Each structure stands twice: as structure tokens, then as C-alpha cells.
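Keep the sequence and the coordinates side by side.

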Amino acid sequence: MPPYRAPRGTRDLLPETRAGLSRLEGLARSLAARYGYREMEIPLFEQTAVFERGIGETTDVIEKELFRLAPRSEDSEAWALRPEATAGVVRAYVQHGMQTWPQPVKLTVVGPMFRYDRPQAGRYRQFWQWDVEVMGDPGPGVDAEVIELGWRFYLEAGVPEVQVLVNSIGDSACRPAYLATLKAYFARHEAELPELERRRLEMNPLRLLDSKDPAMAVLIAAAPMISECLCEACEAHFASVRAHLDAVGVPYRIEPTLVRGLDYYARTAFEYYRRGAEGQQQALGGGGRYDGLIELLGGRPTPGIGFALGLDRVLLALEEAGAEAGREAPPLALVAGADPADTVSRLRVASLLRAEGLSVRAELAHRKLGRQLETASKEHAHFAVIIGDELAEGNVQLKDLEAGTQRLVPLADLARELARAAKSHHHG
Ligand code: AMP
């Protein structure tokens, strides 16, 4: 047993997995740019209050999963690692006066998030998200645009059969009456409620619809749905979101039990699942409209909408589907030498090639040439540069390991020759 291990709920991303994640991050960034988002960074930690206010104190994320940092001294501020990006991005929007920028402001963040969750497959304490936020546009067109962007990400990433679930959760005009109806319904069935849900009923009745407790399934199925209680404005907004989704050809399903249990969420809510896994806890991603949030964090009333897609779960989905998540590029060439002891020449030639932007590995162990070349093919290098007596006249041998051919090349031409070969083989 090694004496030290990565903390529970975290994992080292070994090179192959890292390459897969990098591919997804690259796709996220390029799609975001294609859709007019600008990338930004927010700190990995914030004042705890940003999350408590911005995510809501009665949510699991805050109640149970917030990764709180130990205070450094009595009077220092309370900090926590970010469990998601929206609260931080909205805090930044307010702090930097982005209300004065041309609206809407479209921002994207890619990076690790932290939740002190019970670790299990697809649920980690450090995980990666791609987040997009649009602030300053009340929709409904942009709602469909955001939903379509997430859907396109899965499509281009190669995740098969992603199901888009959408719902409208009303707004401050119609939700209060719905909440009262919902509360009255569950109160009538209070005796059947599990202990935890009974406590939630007072604080946040919407969360009961989200319950994963199997004892709740029948009650939830018969509960009044927000879709039956939408006001005219919310009804029209939702109809228009659907019309825009139809127009861009995103297949979706209306899911009346899809809710976000916080007051500042409004209207559009959506989630992405693998088809057949909709009933399970593990969404691939989700998002919604948060028209009250910017005001809650000290800004002027401004509408907003965004999503967070979990990249770890995309990697898992690709793995399950047998797809290759990413490929590490092998080195273009390995620099080997006939004289095992002459590591100086090998390092010098490798350095020359790297200065020209080529990806090469230098063989710096004192091994026989035959062994050096074995490594080259193990690593799938396309070429071996072999340094021998010819170096005295300024030449090296260039061996094409795939074709099995070898020829003498002046050192002065080596980088150009390799670069040309790399291009024709899409290498490096
Ligand atoms: P949420 O903010 O909880 O809606 O999370 C958005 C997405 O992030 C989810 O759909 C997951 O794909 C991903 N996610 C959330 N929590 C975790 C976690 N603990 N481990 C891995 N992925 C997560």
C-alpha cells in the first residue's frame, strides 16, 4: 500500500483521461466562441455568503455539500470552494459593473468545481464543469439558444442518445399560488412522507418533487404540477421557447416534475440525460433561467440564464459507449544514437528540433541503439533520428519507423524535413 493516496472523492487524471478531458474542454471553448461567449475565470473559492445567497441555504449543495475552508483566524471571512460557477460569475457581473456593457453579456467558465458529496461513480468531490451564462436577455429565444448549445456539445462530443428535458417553473406572479397548492397537497399526505421530506415541506415544498426517495414516487406522480398553474405570460414564454427549439430541430421532452427549488429561478428549466437514464440521479448537465439572482447578489434587476455540464460524466458516458474520449499525440520523432554514452549530442539535436516547434523525445539513458529504437516504436513515434559518426560531417540518419526506410539528412535540413513529414502524416 502506498503511504499517500489522492483524497477520497478525488482522482488523478492520468494522461489518457487528461487527454479526453482536454478534448472536451477544447470543444466547449470552441463552441462557446462559435455562439458568441467570452471566456473568463473566477476564483476557485469565494466568500461563503456568495454561495449561500446565490445557491440558496436550503439546497443540498449548501446544506450538505459545501466545501468550507477552515478560517485562518478568528475574524477572517468565511470561504468555501466553488460548488458551481453561476454564483461567482453573477458576483463578478455585479462587482465589475457589467450592467453598463452591451447586453446581453455572454460568459463562459471551464474548470473544476468542489462538492463535499458522498463519493460514488459519477459523483466526485472535485469534478469539471463547462458553464455558460447569459445576463441581460429575458428570452425566450435565448433560452432555446442556450439549450441548443448544450445539446450540440453532446452531439459533437459523440455522446449517443442524449435526451433534453424541459419545463417551465413559472415566475413570481404564478409560482406562489402553485407553491401553496403543492404544500396543501403534501400536507394532506403528511403521514406518508419520509422524515426528511416532512422537514423540507415547511422550508421548500418544491424540493419534494425532486426527491429520490422511492417512497415518494407515487405521491409525486399524483401531485399538482406547475404546468397546470402557469400564468399567461409564463405560458406564452414557454410556448415560444418550444417553438424556437422546434425551429432549430432540438429533440426535447417536456418533463413536468423537473423543478429548481429556489425562488430566483424562473420559467425555463432543463436537463440533459442519457436516454433510458432519465429517472436516475445522474444528469449529464442542467440549467435554467434565474431572473432574480443578479438582484439578490446586489445588482440591478437583470434576467439571466445558463447551464452547467458535467465533463466527468461525459467522459464516463463516452467510455460506456466504447468511444475513444481522447488520444494523446505520440512524439513525432525519437532522437537516438549509436554511442550510448553520447547523451550530449542527442539532447542537443532534440533541443534544436523542439526550438522549431516539433514534438520529439530524446533517449537519454545509456542504452544500446537497438534498445533505444524499441522504445521509439513502443511510443508510436513516427521517426527516429539516429546520431552516429555522420554527425562529424553535419549529417544524421532519419529513419521512418512506419515505412522502415532510412536516409542521410543534413542536420541543417532536419527540422524542415520532419515538419514536412509531420504535415503529410497529420502528426505532432
Ligand atoms: P448541478 O449544478 O448540480 O445541476 O450540476 C450540473 C452538472 O454537473 C450535473 O449534471 C453533473 O453532470 C455535474 N455534477 C454535479 N455534481 C457532480 C459531482 N459531485 N461529480 C461529478 N459531476 C457532478
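A salt bridge here is a side-chain nitrogen of Lys or Arg within 4 Å of a carboxyl oxygen of Asp or Glu. The model is predicted, so to speak of local features a pLDDT of at least 70 is needed, side-chain atom pairs count only at pLDDT 80 or more, and totals for chains, interfaces and linings use all residues. Residues are numbered from 1 along each chain as its sequence is written, and side-chain values use heavy atoms, with hydrogens and water left out.

Start with the charges. Side chains of opposite charge can pair when their charged atoms come close. The structure holds 24 salt bridges. In one of them, the side chains of Glu-52 and Arg-68 meet at 3.4 Å, N to O. Glu-52 lies in helix 2 (residues 48-55), while Arg-68 is in the loop between helix 3 (60-63) and strand 3 (79-81), so the pair ties together parts 16 residues apart in sequence. Helices (H or I, at least four residues) and strands (E, at least two) are DSSP runs, numbered from the N terminus.

How covered are these two side chains? Buried means under 20% relative accessible area, exposed means over 50%, and partly exposed lies in between (1.4 Å probe, protein chains only). Glu-52 has a relative accessible area of 23%, so Glu-52 is partly exposed. Arg-68, at 45%, also counts as partly exposed.

Now take Asp-143 and Arg-289. Their side chains form a salt bridge at 2.7 Å, N to O. Asp-143 sits in helix 5 (residues 141-157) and Arg-289 in strand 9 (residues 285-289), so this pair ties together parts that are 146 residues apart in sequence. Are Asp-143 and Arg-289 buried or exposed? Both are buried.

A further salt bridge joins the side chains of Glu-379 and Arg-361, at 2.6 Å, N to O. Glu-379 is in the loop between helix 13 (369-378) and strand 13 (383-387), and Arg-361 is in strand 12 (residues 360-362), 18 residues apart. Glu-379 is partly exposed, with a relative accessible area of 28%. Arg-361 counts as partly exposed at 26%. The pair belongs to a network: salt bridges that share partners join Arg-361, Glu-363, Arg-367 and Glu-379.

Turn to the nonpolar side chains. In soluble globular proteins, nonpolar side chains tend to be buried together. A nonpolar core is a set of buried Ala, Val, Leu, Ile, Met, Phe, Trp, Tyr and Cys residues joined through side-chain atoms within 4.5 Å. The largest such core has 47 residues, and Met-135, Phe-186 and Leu-209 have the most contacts inside it. Elements giving two or more residues to this core include strand 4 (105-114), strand 5 (126-135), helix 6 (175-188) and strand 8 (266-274). Helix 4 gives the most, with 5 residues.

Look at Leu-209. Contact means heavy atoms within 4.5 Å. Leaving aside neighbours within four places in sequence, Leu-209 is in contact with Tyr-178, Leu-182, Phe-186, Ile-220, Ala-223, Thr-257 and Val-259. A second, separate core has 42 residues, among them Leu-27, Val-146, Val-166 and Val-250.

Which strands lie beside it? Two strands pair if DSSP finds at least two bridges between them. Strand 6 pairs with strand 8 in the antiparallel sense, over 7 bridges. Strand 6 also runs parallel to strand 7 (residues 252-254), joined by 3 bridges. Val-164 has a partner in each: Tyr-272 in strand 8 and Tyr-252 in strand 7.

Finish with two single residues. Glu-235 is in helix 9 (residues 232-248). At 37% relative accessibility, Glu-235 counts as partly exposed. Beyond four places in sequence, Glu-235 is in contact with Ser-227 and Leu-230. Pro-331 is in the loop between helix 11 (311-320) and strand 11 (333-337). Pro-331 counts as buried, at 15% relative accessibility. The C-alpha atoms of Pro-331 and Arg-354 are separated by 11 Å, and the two residues are 23 apart along the chain.
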